[in-house]
Structure formats: C-alpha cells, structure tokens
Amino acid sequence: MALKIAVLPGDGIGQEIVREALKVLDVLNQHFDLNAEWEEAHIGGAGYDAEGDPLPESTLKLARESDAVLLGAVGGPKWEALDKPLRPEAGLLRIRSELGLFANYRPTKVHDQLLDASTLKPEVIQGVDILVVRELVSGIYFGQPRGIEELENGEKRGYNTLAYKTSEIERIARKAFEAARLRNNRVCSVDKANVLEATEYWREVVIDLHKREYSDVALSHMYVDNAAMQLIRNPGQFDVIVTTNMFGDILSDEASMLTGSIGMLPSASLGETHGMYEPIHGSAPDIAGEDKANPLATILSVAMMLRYSLDRADLAEKVEQAVGKTLEDGVRTVDLAGADEDFVLCSGMGDAVCQRLQGFA
Ligand code: IPM
Ligand code: MG
C-alpha cells in the first residue's frame, strides 16, 4: 500500500521550497522503490485565504490520516493585522498541539563544503554536529493565562505564562537521552533555573530522570544566556541540547548560522502517533515568489521524514548524500554563495539534488 503524505506548503517561500522537495519524492518514487503519494492542503495564511481558518478542519483531518506531514512555512505581513487565532502562526501552533508533536528535533550539522559560508571562523565550526531537542507543545507558547489587558489606570499590560509539568519535562528529556545514546552520549539541558521557577523545576526533573534511568549518558546544565554565548564561542562542545519551547526556538535559529545559512536546517516534530517535517526557517515574504530561496532545509526534512515516519532510513541516506554531493560540486543558492560566487535559483538547486539522487539509483 502506498505511503500517504500530507503536504502543507503554507505561505511565502513555503510554496517554492515544498515544490522542490516534491521533486525529490518523485525521483524516489520513479527511480527507487518508494511508493508514496501525497495530497496538498492549506495551512497558515493560505488556509485563512481559502477557508477563513489558518488550520482548516479538512487539513487537520488529512494530517491525522496520513503517515507523515510535510510543511513549508507560514506567515506574512498580509495577515499580521488579523485577530490572534486567525493568524498563520496560530494554525502552525494548533497543528503541532493537535497532533501531540511534543518533541522537535533540529539537527545542526556543518558540511565541510560550507565551512566558508558561515560568518564564523572555519576552525570554530569544523565538525560541529549538534541536535537541538526542543519541547514543542507546552511552555510559554501555550501557558495560560495569557493576554493583553487594560489596567484600571488605562495603561495596558501584556502577559504570558511559563509552566511545565513533570510529565511534560520527563517525556522530552527522555527523547533527548535516547537520542544522545545513538550519538555522542552527551546531553546539555538549557534553562534559566537561576531566575525562573518553571525551569528550576525543569532542571530538577531532568536530574531526577537521569539518575533513575540514564546515568550512562553525560548530563550537563547551562543557563540559556551562557548557552547562546557558548554556541558561538565553542559549538563543538555540544552533542544534544534539550530545552524549552521558546529557548529552543531561539537557540536553533542561532545554531543554524553555524552551517552558513538558516536555509540549511531541517526539523522533525514527533509525538506518540504522528510526525511532521518542516524547515526551521520562516516564510521569508521579502523573497517569496522570486525562486531565490534555499530548498535544502526542506529537502533534508524529507530525509528526516523517510527515516522517522516512513521507515526508509536507506532512502534518507541517499537524499542526504545527494545534498552533500550537490554542495561538494559547488552548487550554491544565493544565501550560501560568497560575494563573487555564482549561484542557482531555488528550482535549480532542487534539480541539482534530483540529478545527483537519480545518479545513485
Ligand atoms: C519555528 C517558528 C515558529 C515558532 C513560528 C512561525 C510560530 O519560528 O518553527 O521555529 O516560533 O515555533
Ligand atoms: Mg523559530
């Protein structure tokens, strides 16, 4: 039976990068033994425009019934003035929450071919291989109460709640320890335990779980401000980083620049039953429709999908090898190219990867 993929391109460059990722799936269908079919649906601003909802019921249903979800990006100035629940980002947060995707894996691997693309010195980033494990369905993104209220004196006040329950911390920490065992066996838990009770408790639960079940893994702790600094100073010290929803959002954008471009970082969001795959970057409305975006983060997200949801680690490796070969051959999108280097368009990069992938068949 064919594997079913829900494809949600979303907004802005989401459309272009997902198109290239689908080319890769086409090659796998035609030249390898993948048997996948997909159906597209709206999410984000596209969902609002088509059906008045950033996560239409039909999209959620399709996602629930699929073996995996492939997502582009959401958001754009066009929808910024809408009421909060109607904004594109609300659709993304809701699908994460509805599908129970509590564990977000964001691998940052520095390709030797791109050592010169980063703003950091080659000797600082060479060999960097970090996995950020971000909690995705709780924390300050979802905590209640939240809102913007008017005070008695007429002044307004915006507020959010940062809260984590034992079970929520344990399940994400468990994923981080399990991942570390398959890598370099080190976990750094990032918090702000010196100031915020919610993360003081986070640290306590991580330490407790480590003692009970994962004492074979080397565990360290870092305050988030220090972690942000260490990521730039000496990123090679990290293996797995486990952290809260918001800290993970911020640190993964920072970590992406070690690879030369935010356009390189894929992600997998997993729960008990479903998996969703998306690049970590946004919809880049400033370059949308210009065929300029870097599709590699989305293509690498397809590789993660093959590995974690479709049980095809063999094909995941082929896709990753094809990306590596493409970079080795000097093919660059504009975000990766040096000032005097030639570059290809988004579609050109997709074609270049497909060509090499086909060569491995
Ligand atoms: C991400 C994005 C989202 C987030 C936005 C678009 C809501 O920045 O996936 O990192 O904050 O989680
Ligand atoms: Mg982000």
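**Ligand 1 and its shell**

Begin by selecting ligand 1 in this predicted model, together with the residues around the ligand: Glu89, Leu92, Arg96, Arg106, Arg134, Tyr141, Asp249 and Ile280. Colouring this shell by residue class gives 5 charged residues, 3 nonpolar ones and no polar ones.

Next, display helix H4, which spans residues 88–98. This helix supplies the largest share of the shell around ligand 1, namely 3 residues.

Then colour the chain by domain, with domain 1 as 1–109 + 265–361 and domain 2 as 129–257.

**Polar contacts of the ligand**

Keep the ligand in view and show the side chains of Arg96, Tyr141 and Asp249, which belong to the shell. From Arg96, a polar side-chain atom is found 2.7 Å from an oxygen atom of ligand 1. For Tyr141, the distance from a polar side-chain atom to an oxygen atom of the ligand is 2.5 Å. At Asp249, an N or O atom of the side chain is 2.8 Å from an oxygen atom of ligand 1.

**Aromatic pairs**

Turn now to the aromatic side chains. A pair of aromatic rings is described by the distance of the centres and the angle of the planes. The count for this model comes to 3 aromatic pairs.

Select Tyr105 and Tyr308. Their ring centres are 6.3 Å apart and their planes meet at 15°, so this pair is stacked. Tyr105 is in strand S4 (residues 103–109) and Tyr308 in helix H10 (residues 296–308), so the pair ties together parts that are 203 residues apart in sequence. Are these two residues buried or partly exposed? Tyr105 is buried, at a relative accessible area of 11%, while Tyr308 is partly exposed, at 44% relative accessibility.

Move on to Phe177 and Tyr214, another aromatic pair that is stacked, with 4.8 Å from centre to centre and 20° between the planes. Phe177 belongs to helix H6 (residues 166–181), and Tyr214 to the loop between helix H7 (197–213) and strand S9 (218–223); the pair therefore ties together parts that are 37 residues apart in sequence. Both Phe177 and Tyr214 are buried.

Methods
Residues are numbered from 1 along each chain as its sequence is written. Chains are lettered from A and ligands numbered from 1 in the order in which they are written. This is a predicted model: local features need pLDDT of at least 70, side-chain atom pairs count only at pLDDT 80 or more; totals for chains, interfaces and linings use all residues. Side-chain values use heavy atoms; hydrogens and water are left out. A residue is near a molecule or strand if one of its heavy atoms lies within 4 Å of it. A polar contact is a pair of N or O atoms within 3.5 Å; within protein, one must be able to donate a hydrogen and the other to accept it, and residues adjacent in sequence count only if both atoms are side-chain atoms. Helices (H or I, at least four residues) and strands (E, at least two) are DSSP runs, numbered from the N terminus. Ala, Val, Leu, Ile, Met, Phe, Trp, Tyr, Cys and Pro count as nonpolar, Asp, Glu, Lys and Arg as charged, and the others, Gly among them, as polar. Domain bounds come from an automatic or database domain assignment. Rings of Phe, Tyr and Trp (its six-membered ring) pair if their centres lie within 6.5 Å; planes under 30 degrees apart count as stacked, over 60 as edge-to-face and the rest as tilted. Buried means under 20% relative accessible area, exposed over 50%, partly exposed in between (1.4 Å probe, protein chains only).
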